[in-house]
Amino acid sequence: MLFKGQCHCGAIRVELSTDRQPSDQVLGACQCSFCRKHNARAFSDPKAHVTLTAADPQQLQRYAFGLKTSDQIICRQCGVYVAMTLADDGRVWSVLNIDTLDERALFTRTPEARTYDSEDREGRIARRKARWCPTTLVGWPAPTSR
Ligand SMILES: [Zn+2]
């Protein structure tokens, strides 16, 4: 199944390819303060594949906090939080804000509260590589140094 979505204005587009029914997909409610402020429903499945497309790369805003091991992807123009990405060794993984999908209402499972405060940097990166969605970035702007 292929699910499509985007930020509100369409500058950042999302595609999720998965074999599982939306009603079977486990959703997370990460308890970090960023995700709580967005009330984000997080989706990640290592068997799924995500494609993130910067239709208008100028509008793509990265935000990092805490251990700064990932980038929060936000649209500058419409303010929607789209996904969190981790890049390492030429590969990319992401967790999707499931509510960016057009058919978000099909994803009906109650998000499970998750807390990752006790992780160290290495543990966090290892978990993400194991659990997040393998991801293809299209038209993505090069990261600015920080
Ligand atoms: Zn937008």
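Leaving aside its neighbours within four places in sequence, which residues is Ser94 in contact with? In this predicted model, Ser94 is in contact with Ser44, Val50, Leu52, Met84, Thr85, Trp132, Cys133 and Thr135, once those sequence neighbours are set aside.

**Ser94 and its surroundings**

Ser94 belongs to strand β9, which covers residues 91–97. The relative accessible area of Ser94 is 0%, and this residue is therefore buried, since buried means under 20%. Thr135, one of the contacts of Ser94, also takes part in a polar contact: the side chains of Ser94 and Thr135 meet at 2.7 Å.

**The zinc site**

A zinc ion is coordinated through the SG atoms of Cys7, Cys9, Cys75 and Cys78, at 2.2 to 2.4 Å. Seen from the zinc ion, the four donor atoms subtend angles of 102 to 119°, and the arrangement is therefore tetrahedral. Along the sequence, the donor residues follow the spacing C-x1-C-x65-C-x2-C. Cys9 lies in the loop between β1 (2–6) and β2 (12–17), while Cys75 lies in strand β7 (residues 71–75), so the pair ties together parts that are 66 residues apart in sequence.

Are Cys9 and Cys75 buried or partly exposed? Cys9 is partly exposed, whereas Cys75 is buried.

| Residue | Relative accessible area | Class |
|---|---|---|
| Cys9 | 34% | partly exposed |
| Cys75 | 2% | buried |
| Ser94 | 0% | buried |

Definitions and conventions
Residues are numbered from 1 along each chain as its sequence is written. This is a predicted model: local features need pLDDT of at least 70, side-chain atom pairs count only at pLDDT 80 or more; totals for chains, interfaces and linings use all residues. Side-chain values use heavy atoms; hydrogens and water are left out. Donors are N, O and S atoms within 2.8 Å of the metal (3.2 Å for Na, K and Ca); water is not among the atoms, so sites may look incomplete. Four donors count as tetrahedral if all angles lie between 85 and 135 degrees; four count as square planar and six as octahedral if opposite donors are over 155 degrees apart and all others between 65 and 115; anything else is irregular. Helices (H or I, at least four residues) and strands (E, at least two) are DSSP runs, numbered from the N terminus. Buried means under 20% relative accessible area, exposed over 50%, partly exposed in between (1.4 Å probe, protein chains only). A polar contact is a pair of N or O atoms within 3.5 Å; within protein, one must be able to donate a hydrogen and the other to accept it, and residues adjacent in sequence count only if both atoms are side-chain atoms. Contact means heavy atoms within 4.5 Å.
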